[in-house]
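Hi,

Here is the structure I promised to pass on.

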Amino acid sequence: MGCDSKRRFLLLYATQKGQAKAIAEEIWQQAGAHGLEADMHCISEMDKYNLETEKDPVVIVISTTGTGDPPDTARKFVKKIQDKTLPPDHFAHLQYGLLGLGDSEYMFFCNGGRTVDRRLQELGAQHFYDTGLADDCVGLELVVDPWIDGLWLALKEALLLQKEKEDMNNGGDAVSSSPSAAPHVEHELNLNSEVQNLKLEDEGARSSDVLSQKLDDSTLVAPAREPEPSLVHSVPPVSQSVLNIPALPPEYIEVQFQDTQGENPHLSSLNSEGTTFEVPVTKAVQLTREDAIKTALLVELDIADTVFEYQPGDAFCVICPNNVNEVEELLHILGLSEKGDDFVCVKVKQGTKKKGASRPQHIPERSTLKFILTWCLEIRAIPKKAFLRALVECTSDAGEKRRLQELCSRQGASDYTHFIRDSNVCLLDLLRAFPSCKPSLSLLIEHLPKLQARSYSVSNLYQPGRLHFVFNVVEFPACPSRPVSRKGLCTGWLAELVAPLLHPSKNTLDTKGESSSSEKVSIFPRPNNAFHLPADPSVPFMMVGPGTGISPFIGFLQHRQKLREQQPDWEFGETWLFFGCRHQDRDYLFKQLRCFLENGTLTHLKVCFSRDSSTAEVAPPKYVQDLLRLYAKEVARVLLKERGYFYICGDKKHMADDVSDAVVDILSMEMEADKLEAMKVLAMLREEKRYLQDVWS
């Protein structure tokens, strides 16, 4: 392994989208400054390490998927440690520290890390350092930075204790006359000197990262009225602080420009999750009125020539491009407007200091510059602090440089959160705000994440060869940090794509006078392992789906209707649907719900309209959670007595959490138990997969 065994520790990471890997690389990089060597591997590389025989401390950085599972790269590892035949002392020799990454916007926060942590404990492994759980909802760095800061002392203590054990094992006879006094004293002395060394090393390491900026006298004279802080402007104390900024990430990508000859890779090469289908768009319907606040669209795809299979509750992914105008603007700022159609070759830079550097999997070895910026990189991603740190080096104006340093510094953490993270600022916004910043193309490839396909619920079932889905066109209004309003990347693109079908002109009408389209989209299936109807049709279920959250439930109800027609003698459980939208007349999606009610497929339909005014003495419920409270006894009966299912689909922050709170209140009231007891029951329902969510933030 080539590491000094006395100063070595094993560093494992399990990543889904690259965050955990980036943090592990940061730990690997910092380790050297502390006189330690990290033996770093992806957790899936099980031939490169062996926890069964590992004597050195182990550091694990692990993320969590949106469904609360460990990342795909950790599947084999988790399966191996979940083996029920392993004895409770299987990992008794192991000492480890674990950093879990998650997002509290989603159910099962940090469950990937918690799962591994809990199982290692069950198998006898010991913590040498407290587990850290970082929340991407408020900023991973709020936990990650202090966790890494405290890691070094804990690691050195763990290595000292390990050395002491080895010394005792090797020289057991020599100390037998004096059982533990001598080694203990020696350890204390060692530890004190180690702590001293650590302090010195910390100061040494920090001095290279601390930016000292001399302030001339003029900056210390307070103006009559201090302007407000903004993306480009800071105020004391940040503007007058000595800054702790991250170490500069090593460059590792090289881009070579070639000619304009050749072909770009097929879009299917961008999907590593199975087969991609390129399918025509056949129909689009606007479900909301023109004056509705949100625009909801139903789009139909022709999948007749594919082997695309799905069942109610499944989802699929759309491979979408970046906005063409944003790509052009980025090329212009990079000074590459004339080279968009040139082919480039992306390689690892020779002699890079980055450990295990490789070309990112989502970047083709050879393609046009436009292809990379259009289909491969998430150019709207919120820039991480390491990216800001790298952008500092590309900025010529001293004031702009200082502000970028502040935004990536520890002292500027709240400015970063407020002006970048919460304002949804992307690279283009930064380059507009800091015009002297001129990054290289290679820097963008190093720091921008993969452009992720967008996921949508299938909303129909029994139209052979057709696939329907429903979505709101997402709007991001302008704000001080981002003076340009934007539409959602995929929903904005789809809305533009289907516009000719929504507003047909003579050119888009076919021979029968019907609207037609030659547009195609690339999709691939994303089966949902849990969000499915109960296997037993006699089990009752409740569905909560305001707005476009109704989408998968249309498929549920179509499936139930078909089953009732095919099996008239079967017993079917009652079905409830709680639906809400802003205005009954403007955006009451799917008036066809009435048909399901009339033919008996749907037993109960409860609707509410949050923006409609009412003259009734008792105001009607505004939101779906209010509707649920009105039917508290029925909710409790279905969930507790009849062991029914409860499904929620829609917006996480503004709906699903409120619905969960309402269900807890209902259970508490109907069980005549305290809130904690009700929360335990809800957790049990989730565990039994009878309380299921398909939500987005």
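Let's start with helix α20, where Lys652, Met655, Ala656, Val659, Ser660, Ala662, Val663, Val664, Ile666, Leu667 and Ser668 are buried (under 20% relative accessible area with a 1.4 Å probe, protein chains only). Helices here are DSSP runs of H or I of at least four residues, strands are E runs of at least two, and both are numbered from the N terminus. The cover over those buried residues includes α18 (624–630), α19 (632–641), α21 (675–687) and the strands β20 (541–544), β23 (645–651) and β24 (691–696).

This is a predicted model, so local features need pLDDT of at least 70 and side-chain atom pairs count only at pLDDT 80 or more, while totals for chains, interfaces and linings use all residues. Residues are numbered from 1 along each chain as its sequence is written, and side-chain values use heavy atoms, with hydrogens and water left out.

Just after α20, Glu672 has a positive phi of about 55°.

α19 packs on α20 at an angle of about 85°, with the axes 9 Å apart (lines fitted to C-alpha atoms over the stretch in contact, angles running from 0 to 180 degrees between N-to-C directions). That makes the two helices roughly perpendicular (65 to 115 degrees).

On confidence, pLDDT (the predictor's confidence in each residue, from 0 to 100) averages 85 over the protein chain, and 86% of the residues score at least 70.

Cheers

Conventions:
Buried means under 20% relative accessible area, exposed over 50%, partly exposed in between (1.4 Å probe, protein chains only). Contact means heavy atoms within 4.5 Å. Angles under 35 degrees count as roughly parallel, over 145 as roughly antiparallel, 65 to 115 as roughly perpendicular and the rest as oblique.
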